[in-house]
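Reader: I would like to go through this model with you, element by element. Could we begin once it is on view?

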Amino acid sequence: MSEYQYVEFRAVDRPLDDKQLAFAEEQSSHAEVSRWNLNVEYNYGSFRGDVDGLLRGGFDLYLEYSNYGTRVIKMRLPQGLPFPDKLLERYFRADALEWAKDSKGTGGILSLRPFLEEMDYDNDFDVYLDAATRIREHLMQGDLRALYLLWLCVCGDGNADPDDLVEPPVPHGLADLPTKCAELLPFFGESHLFLQAAAKGIEAGPSLTSSNELATAFIDAMTGDRASAIVRRLMIEDPSRVKSDLIAEIREPSTSSNWPCTDLKRSLDELNQVCDRLIEEHNSKQKKATEAKAKRDAGKAEEKRQLRIEEMRMDPEKWLKESERLATAGGTSNYAAAADILADLEEAIGGEEGQKITRKHAAHLVKKHPTLNMLKSSLRKRDLLS
């Protein structure tokens, strides 16, 4: 199997300006680049552009995938991580989950790069980037649950012993984190049920202030001079950049450094055992649901077949012609359908007469189409040929 690598950058808060776009276009001669995305794939070779430079130069998210085990997510957080350093130390893991602060300001880049064995081919990149976008939004609101989810994403790192690796403090309300966020877990080889397993027995959490409530509070506190300044910026500057700056300003007071937690100190092995039980329960329910659906479908199909048999009793000749039309039309599915018609017609007519009519017609079809071996096979499977 040849090597394969896929790389994508995504701008979330605002499109790239002209200078940022020019820098992005310099990073790879193979990439497709726009003000919102850069993506490129390699069957031989790899992306050698400045990943962190692109994240500090306009893009907000980065995804890297290879079929030889590389799975990387990076996200740019312009306002930083609004959690105490001592708490963050419990979540960060060397190489697997790291925070690189900018040399100036409060922003930085959060990187997920666990060591993983080679995994099956995967191309749900839009799903994973959408999930990362949602997680980033929660982080920027001061939602510690999002950081715990990222820890779950990287805890399967091959450099860690499941018995020795202990989880960080578990944020309350973990079960209520939107399931769309958990869609990032499969990118790192984890079940989407892993979040549900970790949330077992965890208390409800605080409610986040809605965007509408934040906007209302911001507007109520705004002075006339401030409103005039915003309007001037909108008229002179790039509106998307002004919007992005305002959103960051509105969000900032909502960040929480005191999210309630429970420090259970469960090992990764314990979490895996809970997850395995949930997977087993989920698979059992899915199996039962599939079997029930198959039973319903079979019942409907049989009901439909019985109605057709009633029609056949009224006009057998019509169905003999239909089987001949299907055989002449050709194709495996048509041959099977022609054989089904004759088998049902035999049942509809009944007795020796039904057997005589349908077998005579089957022999006629074979004689008319002597080279159609698949037709013969379909007729034999329904016991219509001697």
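Author: Two strands pair if DSSP finds at least two bridges between them, and the strands (E, at least two residues) and helices (H or I, at least four residues) are themselves DSSP runs, numbered from the N terminus. This is a predicted model, in which local features need pLDDT of at least 70 and side-chain atom pairs count only at pLDDT 80 or more, while totals for chains, interfaces and linings use all residues. Residues are numbered from 1 along each chain as its sequence is written, and side-chain values use heavy atoms, with hydrogens and water left out.

Reader: Over how many bridges do strand 1 and strand 4 pair?

Author: Strands of a sheet pair through backbone hydrogen bonds, either parallel or antiparallel. Strand 1 and strand 4 take the antiparallel sense, and within this pairing glutamate 8 has leucine 63 of strand 4 as its bridge partner. The number of bridges between strand 1 and strand 4 is six.

Reader: In what order do the seven strands form the open sheet?

Author: The pairing in this open sheet is antiparallel. Its edge strands, each pairing on one side only, are strand 2 (32–33) and strand 6 (97–101). The order of the seven strands is 2-3-1-4-5-7-6.

Reader: Which helix packs on the sheet, touching strand 1, strand 4, strand 5 and strand 7?

Author: Contact here means heavy atoms within 4.5 Å, and axes are lines fitted to C-alpha atoms, for helices over the stretch in contact, with angles running from 0 to 180 degrees between N-to-C directions. The direction of the helix in question makes about 35° with that of strand 5. The helix, spanning residues 125–140, is helix 4.

Reader: Is strand 5 largely enclosed or left open, and how many of its residues are buried?

Author: A residue counts as buried under 20% relative accessible area, as exposed over 50% and as partly exposed in between (1.4 Å probe, protein chains only). On one side of strand 5 Arg71, Ile73, Met75 and Leu77 are buried, and on the other Val72, Lys74 and Arg76 are buried too, so that both faces are covered. Strand 5 (residues 71–77) is therefore largely enclosed by the rest of the structure, its buried residues numbering seven of the seven.

Reader: Which residue of strand 5 stands opposite leucine 61?

Author: Strand 4 (residues 61–66) is joined to strand 5 by five bridges, and the two run antiparallel. In the hairpin of these strands, which has four residues between them, glycine 69 takes a positive phi near 110°. Tyrosine 62 stands opposite lysine 74, whereas the residue opposite leucine 61 is methionine 75.

Reader: What is the bridge partner of isoleucine 73 in strand 7?

Author: Strand 5 is joined to strand 7 (residues 108–112) by five bridges, again in an antiparallel run. Strand 7 also holds serine 111, which is buried with a relative accessible area of 10% and touches, among others, Ile73 and Lys74. The partner of isoleucine 73 is leucine 112.

Reader: At what angle do helix 11 and helix 12 pack?

Author: The axes of helix 11 (residues 268–314) and helix 12 (residues 316–329) lie 5 Å apart, at an angle of about 110°. That makes helix 11 roughly perpendicular to helix 12, since angles of 65 to 115 degrees count as such, those under 35 as roughly parallel, those over 145 as roughly antiparallel and the rest as oblique. The contact includes Arg308 and Glu311 of helix 11 and Trp319 of helix 12.

Reader: In which helix does leucine 342 lie?

Author: Leucine 342 is buried, with a relative accessible area of 0%. Not counting residues up to four places away in sequence, leucine 342 touches Leu320, Ser323, Thr358, His361, Ala362, Leu365, Leu379 and Leu384. The helix that holds leucine 342, residues 332–349, is helix 13.
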